[in-house]
Amino acid sequence: MMLPYLIVVPLLGAFAMPIIGLLGEKAREAWAVVVTAVTLGVAVEVFNTVWRGGILLYTLGGKGPLGNGVSFPVRIVWEVDLVSALFALMVTFVAFVAVLYSTEYMRHDTGLEKYYTLVILLEVGMLGIAITGDLFNFYVFLEIMSIASYALVAFRNDTWEGIEAGIKYMFVGSLASSFVLLGIVLLYGEYGTLTMAYIAKMVAENPTFTAKVALGFLIGGLLFKSGAVPVHMWLADAHPAAPSSISAMLSGLVIKIGGTYALARLAFSVFSLGINVRTMGWVIVLFACATLIAGNAMAVVQTDMKRLFAFSSVGQIGYILLGTGIGLAAYGSDVGNLALAGAIYHTVNHAIIKALLFLVAGAVIHQIGTRNLNELSGIAKRMPVTSFAFLVGAAAIIGLPPMNGFASKWLIYESSALFNPLVAVIAVIGTAFSFAAYIRVLFTFFGRPSERVLTAREPGKAMLVPMLLLVVAIIIMGLFPWYIGDRIMVPAAKTLENTGAYILALTGGA
Amino acid sequence: MKRTLGALSLLFLLGVLLTVASPSNGVKFGPGGSEWTKYRYTDEYYIEHGVEEVGGTNIVTDIVFDYRGYDTLGEATVLFTAIAGAVALLRPWRRDGDE
């Protein structure tokens with residue numbers, strides 16, 4: 001059983017980093033790369049186990065989750081179903097790529113042993129959220145993830161925007177975390193347990209007003225964390241201000257694991273049996289539509305490359321929320337299943353694509369020193385590999401057929417058209433905006449070289465290899481879209497919808 | 001406008017929370033007797049089995065370090081993260097070293 005090492009390895013990596021850091025620069029870079037690579041290996045193994053064997057239950061400190069002679073859980077459990085395992089794999093892959101990239105990208109910065117400590121702690125936080133089956137434990141790891149990302153956003157403390165964005169992110173994020181904690185407190189007061197699957201059972205037996213209020217607080221807090229539209233303002237500042245390797249992790253992972261994944265997990269695995277799923281689904285769909293339009297439309301008018309990508313992330317979160325919302329509103333039907341599969345697929349795809357785009361932006365900033373799109377014309381002549389990586393990423397995020405973004409967006413379009421044509425129209429309008437935004441950048445890249453660009457060179461291997469790894473992942477996933485969809489994403493959506501099996505894995509496992 | 005809306009929604013949240021906090025609609029305060037076993041069955045278990053299963057006579061430390069020890073590890077990590085973050089942000093600026 002490799003599951004505990006998913007936490008043990010990166011936690012050891014983070015706690016040992018200050019000591020390893022004493023050995024010098026090379027040692028800590030090597031340590032960070034080795035730790036993230038081993039974690040990636042463990043995640044592959046865990047994913048493989050879960051994919052073949054179904055839900056994995058692990059009790060910390062006990063043989064079984066249930067107490068001695070009683071029928072309720074008394075210890076913290078991990079409950080890893082296919083969705084958790086898939087997202088853990090995604091987290092470890094992008095984190096590994098980002099750390100590899102940082103070895104060259106962050107070379108001009110100081111305080112790097114703290115940087116690598118925080119990056120690995122960010123990974124620990126996200127893995128903890130993905131695998132946990134305990135509500136308070138979820139909160140603890142949400143805090144680890146959040147605090148690490150506040151510090152990493154403001155890591156370049158000699159820039160004004162870094163500190164400003166960090167403060168903004170911290171205030172908004174702490175408020176959101178306290179909402180989540182309040183929701184958990186209410187649930188515990190009403191039901192007397194913290195294990196997700198057991199709360200699901202209790203909510204199903206006795207859905208109270210308190211449970212609805214708690215759900216409201218949880219959804220509110222998690223929408224903050226995912227950057228859905230009325231509360232997306234922190235994201236557009238935080239992602240451009242962070243170092244690019246961190247933007248890649250923030251945009252690719254943090255807003256999904258701490259936001260949309262947690263939302264889907266709570267909605268499906270905890271509340272779907274007791275609360276009216278149709279209402280819950282429509283609430284999420286409304287937020288999703290606003291997010292789709294506003295995020296993508298704001299991306300069109302940006303002149304700052306990273307800000308454009310940040311708003312595009314907001315827009316793509318809209319697709320994921322749309323899939324989740326339709327999955328809830330059409331719970332139990334084929335349409336709902338398809339939409340949820342699309343949402344899970346798009347989460348993974350967007351994590352890889354947006355990580356690639358932010359790494360490209362980082363390479364451009366590192367080599368040329370500006371992110372103003374008006375000064376960046378004609379990069380393609382001087383930096384062909386980077387421009388090629390951008391081309392692949394842009395094609396994938398718009399959803400052109402040979403790339404991975406096509407299949408996931410197709411699932412979401414198809415299901416939303418079957419669900420409600422108006423929603424599908426909104427989704428298509430969002431894509432039109434996103435298309436306009438990326439075509440603009442593409443024309444800039446392939447235009448006539450400007451003065452600033454004339455002396456630019458390609459970055460070194462340690463920055464190019466991570467980008468090419470992501471390009472390869474995008475193309476390979478794009479070549480077998482329906483195979484991946486049928487073999488992984490649809491079963492994952494089915495396990496998420498099957499709340500009964502989630503509860504049974506806990507109570508029946510004694 | 002925004003401020004008014006914000007104040008109104010805070011007022012609404014306060015109202016909802018007050019409703020939830022009233023014993024007739026929501027969470028019970030000071031549950032005793034049969035309510036204790038209905039709402040606080042997990043606590044009952046810890047109190048009854050804590051000494052024999054864990055060995056400590058202090059129930060709180062039994063829970064914090066044994067039953068829910070993983071959360072404590074997480075809290076220690078939160079603290080470590082906060083310290084690493086604060087130290088990272090309070091380091092001297094880059095240009096100071098160059099001059």
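**Note on a predicted two-chain model**

1. Chain A contains 20 helices and 2 strands. Its radius of gyration is 22 Å, close to the 24 Å that the globule rule gives for 510 residues, so chain A is as compact as a globular protein of that length. These values, like the others below, should be read as belonging to a predicted model. Taken along the principal axes, the C-alpha atoms of chain A fill a box of roughly 75 × 60 × 40 Å.

2. The packing of chain A can be described through burial and contacts. Of the 510 residues in chain A, 67% are buried, and among the contacts between residues at least 6 apart in sequence, 81% join residues at least 24 apart. The accessible surface of chain A comes to about 16000 Å², and 69% of that area belongs to carbon and sulfur atoms. As for charge, chain A carries 29 positive and 25 negative charges, whose mean positions are 4 Å apart.

3. Because its relative accessibility is 19%, and buried means under 20%, His232(A) counts as buried. Apart from neighbours within four places in sequence, His232(A) is in contact with Gly227(A), Phe311(A) and Val314(A). In the case of Val314(A), the separation from His232(A) is 82 residues in sequence, while the C-alpha to C-alpha distance is 7.1 Å.

4. Ala380(A) lies in helix α14 of chain A, which covers residues 379-382. With a relative accessibility of 18%, Ala380(A) likewise counts as buried. When neighbours within four places in sequence are left aside, Ala380(A) is in contact with Ser387(A), Phe445(A) and Phe446(A). The pair Ala380(A) and Met467(A), 87 residues apart in sequence, has a C-alpha to C-alpha distance of 16 Å.

5. Along its principal axes, the C-alpha trace of chain B spans about 70 × 55 × 15 Å.

6. Within chain B, buried residues make up 29% of the 99 residues, and among contacts with a separation of 6 or more, 0% are between residues 24 or more positions apart. Chain B exposes about 6400 Å², with carbon and sulfur atoms supplying 67% of this area. The mean positions of the 9 positive and 13 negative charges of chain B are 18 Å apart.

7. One annotated span remains to be mentioned in chain B. An unreviewed UniProt entry lists residues 76-93 of chain B as a "transmembrane region". In the model, residues 76-93 of chain B are 78% helix and 0% strand, and the end C-alpha atoms of the span are 29 Å apart.

Definitions and conventions: Residues numbered from 1 in each chain as written. Chains lettered and ligands numbered in written order. Predicted model: local features only at pLDDT ≥ 70, side-chain atom pairs only at ≥ 80, totals over all residues. Heavy atoms only, no water. Helix = DSSP H or I, 4+ residues; strand = E, 2+ residues; numbered from the N terminus. Rg over C-alpha atoms; globule rule 2.2 N^0.38 Å. Buried < 20%, exposed > 50% of the residue type's maximum accessible area, 1.4 Å probe, protein only. Contact = heavy atoms within 4.5 Å. Areas by Shrake-Rupley, 256 points an atom, 1.4 Å probe, with all protein chains shown as cover. Lys, Arg positive; Asp, Glu negative; His and termini not counted. Charge placed at Lys NZ, Arg CZ, Asp CG, Glu CD. UniProt positions renumbered as here; feature names shortened; annotations may be inferred.
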